[in-house]
Amino acid sequence: MKDYYKILGVDKNASDEDIKKAFRKLAHQHHPDKGGGDEAKFKEANEAYQVLSNKEKRAQYDRFGTADPFGSSAGGGPAGGWQNMNWEDPGSWAGAGFPGGVDMGDLGDIFDLFTGGGRGTRTVSHGSDLELLEEITLEDAFRGVTKPVTIATWIGCGVCKGEGGDPGAGTETCSVCGGQGQVREERRTFFGSFAQVKTCARCQGRGSLPKKPCENCKGKGRVQGERSTTLEILPGIQDGQLIQLKGFGEAGERGTQAGDLYVRVRVKPHAKFARQADDLVVRHELKVKDILLGKPVLVPTIEGGQAEFEVPAGFDLKQPYRIPGKGMPRFGSRPGRAGSRGDLLVDFIIKAPKKLAEKERKVLEEGD
Ligand SMILES: [Zn+2]
Ligand SMILES: [Zn+2]
């Protein structure tokens, strides 16, 4: 796990201002467009900043140690919009100005420094992925369970339907693409120059732009709110398994792609059963007397009730006794089919008798 505080060189109680300052310093130092810049370090600092500068993400990071189900993998990280930008292609993140000038935020002056882009240029952020932790019991994991889930996140603005424009003010043709939604770009490379048709960054391919930003969402097309859904956890889910709910993460700005919600399922330890993949292990104390008498053994099962068996003659009691098909369901297998469940393993604990009664001793000695 990355220590975002360490990356920025601040301590855990750092204020927003400290974090911003630390990031700016590092960003200036490592910016890849600068001589002696270090793209990897710059991206790392940015990743840390994206999480620690966001109240929600920082709280989640402090709590779970992650704000990103994929760690530092490129693409679907917490930085969302930022990572969707292409370093080699300033056109993908500059020039998407919004009429009325939506403030670009803290990063504005850093962009200005290296790109020459003016204030008011900004990118449209796609929705970030979110991660949530859901704790269930082993019984829930056995039977499967549905859980209501509510998350506080960005949701589409109801006033402008996520478009970002004041619905009463109407739209106007995009001046960059002339309403085409696409722009042609000449690119010169080592192999010659060629033309590329790209989605217009200013209007996001719509061809038109709202005349006035929506007041409810300040033109973002999304507002802070709550999203609820029902999470279906299938039988046999493993501890730590991730369930992906497509499109249930943050809403994107101005109707762009929403992030996904990842629910990490934590299966709580059980008082009686230990889990080994799809097998369950139960410990059972055997009395020497019962072994000698061949008394049937009763052990609890995960579905409730008990399983009964006799220890076979000559069985090596140091080995677990295996009861087939009484373990956990195999995730994704159809119930009732052969092999659709793991086994129940009985670990024997053999206790020497404290004291042998006189009668018992006699019987044993005679049997010798
Ligand atoms: Zn709106
Ligand atoms: Zn356009």
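This text walks through parts of a predicted model, taking helices, then strands, then some single residues.

Start with helix 2, which covers residues 16-30. Helix 2 has 15 residues and spans 21 Å from its first C-alpha to its last, close to the 21 Å expected at 1.5 Å a residue. Which residues of helix 2 are buried? They are Ile19, Ala22, Phe23, Leu26 and Ala27. Seen down the axis of helix 2, these buried residues fall within an arc of 135°, so they line one face of the helix.

Helix 2 packs with helix 3, which is made of residues 39-52. Two packed helices are described by the angle between their axes and the distance between the axes. For helix 2 and helix 3 the angle is about 165°, and the axes are 9 Å apart. An angle over 145 degrees counts as roughly antiparallel, and helix 2 and helix 3 are therefore roughly antiparallel to each other. The crossing of helix 2 and helix 3 is left-handed.

Four strands form an open sheet, in the order 10-11-15-14, with mixed pairing. Strand 10 (273-276) and strand 14 (321-323) are the edge strands, and each of them pairs on one side only. On average, neighbouring strands of this sheet are turned by 35° against each other, direction ignored.

The pairings can be followed across the sheet. Strand 10 and strand 11 pair in the antiparallel sense over four bridges, and one bridge joins alanine 274 to valine 281 in strand 11. Strand 10 and strand 11 form a hairpin with two residues between them. Alanine 277, in the turn of that hairpin, has a positive phi of about 55°. Strand 11 (residues 279-287) also pairs with strand 15 (residues 344-351), here in the parallel sense and over eight bridges. Valine 282 stands opposite valine 346 in strand 15, and leucine 286 has isoleucine 350 of strand 15 as its bridge partner.

Another hairpin is formed by strand 12 and strand 13, with five residues between them. Strand 12 (residues 297-300) and strand 13 (residues 306-309) pair in the antiparallel sense over four bridges. Proline 300 has glutamine 306 in strand 13 as its bridge partner. Glycine 304, in the turn between strand 12 and strand 13, has a positive phi of about 95°.

The backbone angle phi deserves a further look. Most residues other than glycine have a negative phi. Lysine 218 has a positive phi, near 60°, and is not a glycine. The place of lysine 218 is the loop between strand 6 (208-210) and strand 7 (222-233). Arginine 254, also not a glycine, has a positive phi of about 45°. Arginine 254 is found in the loop between strand 8 (242-245) and strand 9 (261-267).

Arginine 254 has 29 other C-beta atoms within 10 Å, so it is buried. Lysine 218 has 16 C-beta neighbours inside 10 Å, so it counts as partly exposed.

Threonine 229 is partly exposed, because it has 14 other C-beta atoms within 10 Å. Threonine 229 and lysine 147 are 82 residues apart along the chain, and their C-alpha atoms are separated by 8.5 Å.

Key:
Residues are numbered from 1 along each chain as its sequence is written. Chains are lettered from A and ligands numbered from 1 in the order in which they are written. This is a predicted model: local features need pLDDT of at least 70, side-chain atom pairs count only at pLDDT 80 or more; totals for chains, interfaces and linings use all residues. Two strands pair if DSSP finds at least two bridges between them. Axes are lines fitted to C-alpha atoms, for helices over the stretch in contact, and angles run from 0 to 180 degrees between N-to-C directions. The expected span of a helix is 1.5 Å times one less than its number of residues. A residue is buried if 20 or more other C-beta atoms lie within 10 Å of its own, exposed if 12 or fewer, and partly exposed in between; C-beta atoms are placed from the backbone. The arc is that of the directions from the helix axis to the C-beta atoms. Angles under 35 degrees count as roughly parallel, over 145 as roughly antiparallel, 65 to 115 as roughly perpendicular and the rest as oblique. A crossing is left-handed if the near helix is turned anticlockwise from the far one by less than a right angle, and right-handed if clockwise.
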